[in-house]
Each structure stands twice: as structure tokens, then as C-alpha cells.
Amino acid sequence: MNLKKYEAFYYTATLGSVTAAAGQMGCSQSALSHLLLDFEKDLGFPLLTKNRAGAKLTSQGGLLLPEIKTLLKQVEKVSNLAEKIRENQAGTIRIATFTSVAVHWLPRMMQAFGESHPLVDFKLENGDYYDVETWLKNGSVDLGFVPLPGPQGIPVLELYRDRLLAILSKNHPLSALSKLPVSVVEKEKFISLLESSNHDARRVLDAGGVTPNVAYTTKDDYAIIAMVAQGLGISIMPELLLRGQSDHVAVLDLDPPAYRTIGIAVPNMDSAPLYLKEFITFVQKWVKDNG
């Protein structure tokens, strides 16, 4: 496809003059006339009639003009998008995350960032801590939300200190306490995440020298909440995950208090495109203002 032929026809038809069209395209009248003749030969019918008064569309040319206009507009869009890509203002950010961030942070983050970066798309991979670490290490994502210290060998930027809390069914005898001693976990049935992702609770229990009485194990955070609500056991979960869940379970502070720190891991920060670096900066500010 020779776009110059399409442009020559479009400008001559809309401006009504070979001279004006040549000026618009920055070429000689002779060169533009050759483009028009070649285009008509390609199509097999005349597009314009030319005289001293200017150039007018033939009936066939009149049918073709709206389609040519649409085509050239689409080509312009492609050209503009290519320029944005070259300027690192367009692309896809591949994010690995776990449930609490996926539910309570990322939707609002993406919506707000998209207002200033409409050409940036997102692809989310949601899993547990082990999944996120795996995706970061095999290069299938550009960044990941992780609990500190994060995967070995991957730089992590600290974002947020999140309390760890105990959850019990609302009719559990201990639900009236103001704080739940960590030692209780040795006696009560405990509902745990899979060993590969149970970093938060395990760290708390190990620090207290407590061996949990694990009754059930699952990979699903919200399954744990549902099981606790039914009185099947107690658990320890991050405060961010428990947002909006206080109607279903009793939530107590731990004694002693415990926390997890959420960070953002970026395997290839130095070579990251501009839009990815801008998103990371945006996330840091967003969490500071909204976390």
C-alpha cells in the first residue's frame, strides 16, 4: 500500500486543487499528479476531473473519499501510538499480587493511574506468596507485591506496615477479650494457609515459641475467614485482608502485637520503561496517602 497515493487523492479532493494539495504534502505539482494517475490506474476508474477552476470528484471518487478519510485517520492513530510507545508512554504492566492487595489496593490504583496514563494497560496475576515469588523469579511479571524481606536477589521497596490480627467466630468464648495471647493458638484449633504461604502467622508463632494446633489448611484467604465464622477454628490474618470482614468474625489484637511489611519487588528496575517507573513512584505515594 502506497499511502502517498491515498493522501494525494484525499488532499486534492478536499482542497479542490492540485496546487494546494501539493503544498500540503510538500511535493511538486508534477509529483502529485503522477501519484493521482498511478492511483487511478491501480483502481481502474477515474477519481477526479481537473481544469483551470480546480479539481472535482467523479462519482466513483465521491464513493471512495469517505473510506480513504477513515483509513488515513486510522493510520494517524497507529502512528501516534507508535510514537507513544517509543516515548515509553504506552505498554502493559504485568503485576503479581496476593489477595489483600488485589482486592483493596490495585483496583483504585489502576483507575487513578489510568487517568494520567490512558495508554498503559495492566495484566494481573493473583496468587499466594509462593506464586508471586515464582512469577517474579521466572520473569513472567514486571513487578510484584511481596511481604518483606521479599525474594532473595530481587530489590524490594518498602510500602506499608500492616498489623496482624486474630480472628475468631463471634460466639467463641475468647471473642470478648480485648487481645488474644499468641499462646492460645497451641490449644485452639488453628486454620492455616499452606506452608509455602503461611509466612505471616508462622513468623508470629515462631517468635513466641508457639506450635499451632493446625486443624485445617487451605490456599484461600477468604475460605479461612468463612471457616472461622462457622466456628471451625481460629486464625491470624493481616488487617488489610480483613477490611470489610468484621461483620462475619470477631477481630482481636494480638498479644504481643505483630505486623507484616508489604513491599513492591521490581526485578529489572534499571531497564524498566518510563511508564513502569512512573507507576512504581505512583504506588509509593498512593499507599502513603491511602494505605
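**View 1. The lining of the second largest pocket, sorted by residue class.** In this predicted model, the residues that line the second largest pocket divide into seven nonpolar, two polar and two charged. The pocket has a volume of about 150 Å³, and its lining is made up of Tyr 129, Val 132, Glu 133, Val 146, Pro 147, Leu 148, Pro 149, Gly 150, Pro 151, His 199 and Arg 203. The elements that give two or more residues to this lining are α7 (129-138), β5 (143-147) and α8. Of these, α7 provides the largest share, which amounts to three residues.

View 2. Glu 133, one of the residues that line the second largest pocket, is found in helix α7. With a relative accessible area of 27%, Glu 133 counts as partly exposed, because that class takes in the values between the 20% under which a residue is called buried and the 50% over which a residue is called exposed. The C-alpha atom of Glu 133 is separated by 9.7 Å from the C-alpha atom of Ile 154, and these two residues are 21 residues apart along the chain.

View 3. The peptide bond from Leu 148 to Pro 149 is cis, and its omega is near 15 degrees. Pro 149 lies in the loop between β5 and β6 (156-168), and both Leu 148 and Pro 149 belong to the lining of the second largest pocket. A cis peptide bond also joins Asp 255 and Pro 256, here with an omega of about 5 degrees, and the place of Pro 256 is in strand β11, which covers residues 250-265.

**View 4. The largest pocket and the elements around it.** About 310 Å³ of space lies in the largest pocket, which is lined by 26 residues. Among these 26, the residues that lie nearest the centre of the pocket are Thr 99, Asp 128, Leu 193, Lys 219 and Asp 221. Two or more residues of the lining come from each of the elements α5 (99-104), β8 (189-193), α8 (199-207), α9 (221-229) and β10 (235-238). When the lining of the largest pocket is sorted by class, the residues divide into eleven nonpolar, nine polar and six charged.

**View 5. Helix α3 and its buried side.** Helix α3, which runs over residues 29-43 and has 15 residues, reaches 21 Å from its first C-alpha to its last, and this is close to the 21 Å expected at 1.5 Å a residue. Within α3, the residues Leu 32, Leu 35, Leu 36, Phe 39 and Glu 40 are buried. Just after the helix, Gly 44 takes a positive phi of about 90 degrees.

**View 6. The hairpin of strands β1 and β2.** Strand β1, made of residues 48-51, and strand β2, made of residues 54-57, pair in the antiparallel sense over four bridges. The two strands form a hairpin, with two residues between them. For Leu 48, the bridge partner in β2 is Leu 57.

Conventions. Residues numbered from 1 in each chain as written. Predicted model: local features only at pLDDT ≥ 70, side-chain atom pairs only at ≥ 80, totals over all residues. Heavy atoms only, no water. Expected span 1.5 Å × (residues − 1). Buried < 20%, exposed > 50% of the residue type's maximum accessible area, 1.4 Å probe, protein only. Pairing = 2+ DSSP bridges. 1 Å grid on protein atoms, 1.4 Å probe; cavity = no way out; pocket = protein on both sides within 12 Å on 5 of 7 lines; lining within 4 Å. Points joined across faces, edges and corners; volume = space filled by probe spheres on them. Nonpolar A, V, L, I, M, F, W, Y, C, P; charged D, E, K, R; others polar.
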